[in-house]
Amino acid sequence: ARQAAACAASGRPARAAGRAARAAGLEEAAGVRERARARVVGAWGSGLAAVPADLVPATWQALSVPAWWAVQAEEAQARKARAAREAAERRGQSELLRELLGNPFQPMALAPDWLRWHDGAVGRVARAIDEEETYEQMPVLGDALEDAGCDDREILDHLRGPGPHVRGCWVLDRILDA
């Protein structure tokens with residue numbers, strides 16, 4: 001998600017966001033591989049230390065099939081970790097896109113009465129959140145909108161949801177632009 005936010009902030013295209021997800025997955029896979037390899041090599045190293053020197057070549061030959069199995073298991077773990085990390089990164093990117101764009105198939109309409117309520121209280125709350133970058137206060141904006149008469153579940157659920165809430169939020173920007 002951090003990489004998705006960096007892509008969105010820099011204006012890089014979606015392809016860069018896909019590369020960010022792939023990079024995150026590869027990084028996770030490398031870590032899993034390294035930890036698995038350290039476990040296996042450490043166990044074999046301590047086991048081989050007890051083998052007499054003249055039996056080491058035969059021992060290595062005997063360990064070749066289990067070594068191959070260990071490498072296959074290590075690669076399977078790495079693939080699984082990579083896929084999980086890529087999926088998590090893509091979920092974060094999707095959440096960020098929903099934060100910035102909302103639902104493009106259902107454009108939001110702001111009722112002028114909501115914005116005029118209490119001499120523009122909704123706009124003041126939105127400006128304060130934006131200027132102070134206190135996006136964790138978005139539920140307060142949701143409460144202000146509801147008090148002003150907003151009954152749009154998509155707007156209210158978005159503002160009260162867990163986020164991520166960032167600069168460029170579709171609801172906040174529409175309120176500020178009104």
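At a relative accessibility of 40%, arginine 127 counts as partly exposed. The structure described here is a predicted model.

Helix α5 was examined next together with helix α6. Two packed helices are described by the angle between their axes and by the distance between those axes. Helix α5 comprises residues 112–132 and helix α6 residues 138–147; the two pack at an angle of about 170°, and their axes are 9 Å apart. Angles over 145 degrees count as roughly antiparallel, and α5 and α6 are therefore roughly antiparallel to each other. On the α5 side, the residues in contact are Trp114, Trp117, Val122, Val125, Ala126 and Ile129. Their counterparts in α6 are Met138, Val140, Leu141, Ala144, Leu145 and Asp147.

Most residues other than glycine have a negative phi. Histidine 118, although not a glycine, has a positive phi of about 50°. Histidine 118 is found in helix α5 and is exposed, with a relative accessible area of 55%. Glutamate 133 likewise is not a glycine, yet has a positive phi of about 55°. Glutamate 133 is located in the loop between α5 and α6.

The structure holds seven salt bridges. One of them joins the side chains of aspartate 113 and arginine 116, with an N to O distance of 2.4 Å. Both residues lie in helix α5, where aspartate 113 and arginine 116 are three residues apart, or about one turn of the helix. Aspartate 113 counts as partly exposed at 49% relative accessibility, whereas arginine 116 counts as exposed at 55%. The cut-off for the exposed class is a relative accessible area over 50%.

Glutamate 133 also takes part in a salt bridge, its partner being arginine 167; the closest N and O atoms of this pair are 3.2 Å apart. Arginine 167 lies in the loop between α7 (153–160) and α8 (170–177), and glutamate 133 in the loop between α5 and α6, so the pair ties together parts that are 34 residues apart in sequence. With a relative accessible area of 46%, arginine 167 is partly exposed.

A further salt bridge is formed by arginine 160 and aspartate 143, whose closest N and O atoms are 2.8 Å apart. This pair links distant parts of the chain, as arginine 160 is in helix α7 and aspartate 143 in helix α6, 17 residues apart. Arginine 160 is partly exposed, with a relative accessible area of 31%. Aspartate 143 also counts as partly exposed, at 37% relative accessibility. Arg160 and Asp143 are joined by Glu146 in a network of salt bridges.

Finally, the surface of the model was considered. Val65, Trp68 and Trp69 make a nonpolar surface patch of about 380 Å². Tryptophan 69, one of these residues, is placed in helix α4, which spans residues 64–101. At 55% relative accessibility, tryptophan 69 counts as exposed.

Methods. Residues are numbered from 1 along each chain as its sequence is written. This is a predicted model: local features need pLDDT of at least 70, side-chain atom pairs count only at pLDDT 80 or more; totals for chains, interfaces and linings use all residues. Side-chain values use heavy atoms; hydrogens and water are left out. Patches are made of residues with over 30% relative accessible area and no salt bridge: like charges are joined within 9 Å, nonpolar side chains (Val, Leu, Ile, Met, Phe, Trp, Tyr) within 5 Å. Accessible areas come from the Shrake-Rupley method with a 1.4 Å probe; for residues, only the protein chains shown count as cover. A salt bridge is a side-chain nitrogen of Lys or Arg within 4 Å of a carboxyl oxygen of Asp or Glu. Helices (H or I, at least four residues) and strands (E, at least two) are DSSP runs, numbered from the N terminus. Buried means under 20% relative accessible area, exposed over 50%, partly exposed in between (1.4 Å probe, protein chains only). Axes are lines fitted to C-alpha atoms, for helices over the stretch in contact, and angles run from 0 to 180 degrees between N-to-C directions. Angles under 35 degrees count as roughly parallel, over 145 as roughly antiparallel, 65 to 115 as roughly perpendicular and the rest as oblique. Contact means heavy atoms within 4.5 Å.
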